Amino acid sequence: MSNGTVNKVILVGNLGRDPEIRTMQNGKEMANFSIATTESWTDKFSGARSEKTDWHNIVVFSEGLVKVVKDFARKGSKVYVEGSLRTRKWTDQSGSEKYITEVVLQNFNSALALLDSRSGAPNSDYKSNEYKQGETEQKSEYESFDNGVKEELIDDEIPF
């Protein structure tokens with residue numbers, strides 16, 4: 001970190017839908033899904049209970065983590081994700097510039113933990129619930145996103 005900055009995001013939330021797995025142009029798989037985080041509080045004057053839910057777009061490029069998402073994560077799963085914020089810009093079919101902010105899991109600074117009970121996991125030997133991507137990961141594939149994938153990850157994917 002020679003520039004003295006940090007881009008690190010840690011979230012714990014529930015998947016709003018089953019993850020989508022896609023194959024990129026380089027033949028490797030990627031996963032994307034959204035998770036909800038909810039804050040709740042009681043108004044100190046009225047005593048009314050309030051709640052606010054935020055949705056976060058998650059994109060996973062790290063091969064080991066994609067496999068975990070593909071095999072075990074489902075709508076409603078509670079997950080811990082650790083990655084970096086990225087904002088992408090693209091032009092939609094009508095020529096308008098669009099932006100989306102995502103939490104990207106790639107390379108060695110990413111982690112994913114499944115926080116649910118895994119009694120329903122297909123592999124009965126499944127024990128560990130945390131996965132960190134090793135430093136053997138190749139250079140960033142984020143920039144090699146093809147336009148077709150970009151178009152599919154836009155607003156209509158956000159569940160609100």
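Which of the 20 residues in the largest nonpolar core touch the most other members? The views below, drawn from a predicted model, take up this question together with the strand pairings and loops.

**View 1. The largest nonpolar core of the predicted model.** Phe33, Ile58, Val60, Val81 and Leu112 are the members that touch the most others among the 20 residues of this core. At least two core residues are supplied by each of β1 (9-15), β3 (29-42), β4, α1 (63-72), β5, β6 and β7. The largest share, 5 residues, comes from α1. Another core, of 5 residues, lies apart from it, and Met24, Met30, Val59 and Val104 are among its members.

**View 2. Surroundings of isoleucine 58.** Leaving aside residues up to four places away in sequence, isoleucine 58 touches Leu11, Ala31, Asn32, Phe33, Ile35, Val81, Val103 and Leu105. Valine 103 in β6 is also the bridge partner of isoleucine 58. The strands concerned, β4 (residues 49-60) and β6 (residues 97-105), run parallel and are joined by 4 bridges.

**View 3. The hairpin of β5 and β6.** Strand β5 (residues 78-91) runs antiparallel to β6, and 8 bridges join the two. Within this pairing, lysine 89 has tyrosine 99 of β6 as its bridge partner. The hairpin has 5 residues between its strands, and in the turn glycine 95 has a positive phi of about 90°.

**View 4. The hairpin of β2 and β3.** Strand β2 (residues 20-23) is joined to β3 by 4 bridges, and the two run antiparallel. Threonine 23 has glutamate 29 in β3 as its bridge partner. Here too, 5 residues lie between the strands, with glycine 27 taking a positive phi near 90°.

**View 5. Strand β1 and its pairings with β5 and β3.** The pairing of β1 with β5 is antiparallel and extends over 6 bridges. Glycine 13 stands opposite valine 79 in β5. Strand β1 is also joined to β3 by 2 bridges, again in the antiparallel sense. Leucine 15 has isoleucine 35 in β3 as its bridge partner.

**View 6. The loop between β6 and β7.** Glutamine 106 has its place in the loop between β6 and β7 (111-114). Is this residue buried or exposed? Glutamine 106 counts as buried because its relative accessible area is 6%, against a cut-off of under 20%. Although asparagine 107 is not a glycine, it has a positive phi of about 60°.

**View 7. The whole protein chain, for orientation.** The chain has 2 helices and 8 strands, which follow the pattern β-β-β-β-α-β-β-β-β-α along the sequence. Buried residues make up 41% of its 160 residues. Among contacts with a separation of 6 or more, 63% are accounted for by residues 24 or more positions apart. The accessible surface of the chain comes to about 9500 Å², and carbon and sulfur atoms hold 48% of that area.

Conventions: Residues are numbered from 1 along each chain as its sequence is written. This is a predicted model: local features need pLDDT of at least 70, side-chain atom pairs count only at pLDDT 80 or more; totals for chains, interfaces and linings use all residues. Side-chain values use heavy atoms; hydrogens and water are left out. Two strands pair if DSSP finds at least two bridges between them. Buried means under 20% relative accessible area, exposed over 50%, partly exposed in between (1.4 Å probe, protein chains only). A nonpolar core is a set of buried Ala, Val, Leu, Ile, Met, Phe, Trp, Tyr and Cys residues joined through side-chain atoms within 4.5 Å. Contact means heavy atoms within 4.5 Å. Accessible areas come from the Shrake-Rupley method with a 1.4 Å probe; for residues, only the protein chains shown count as cover.
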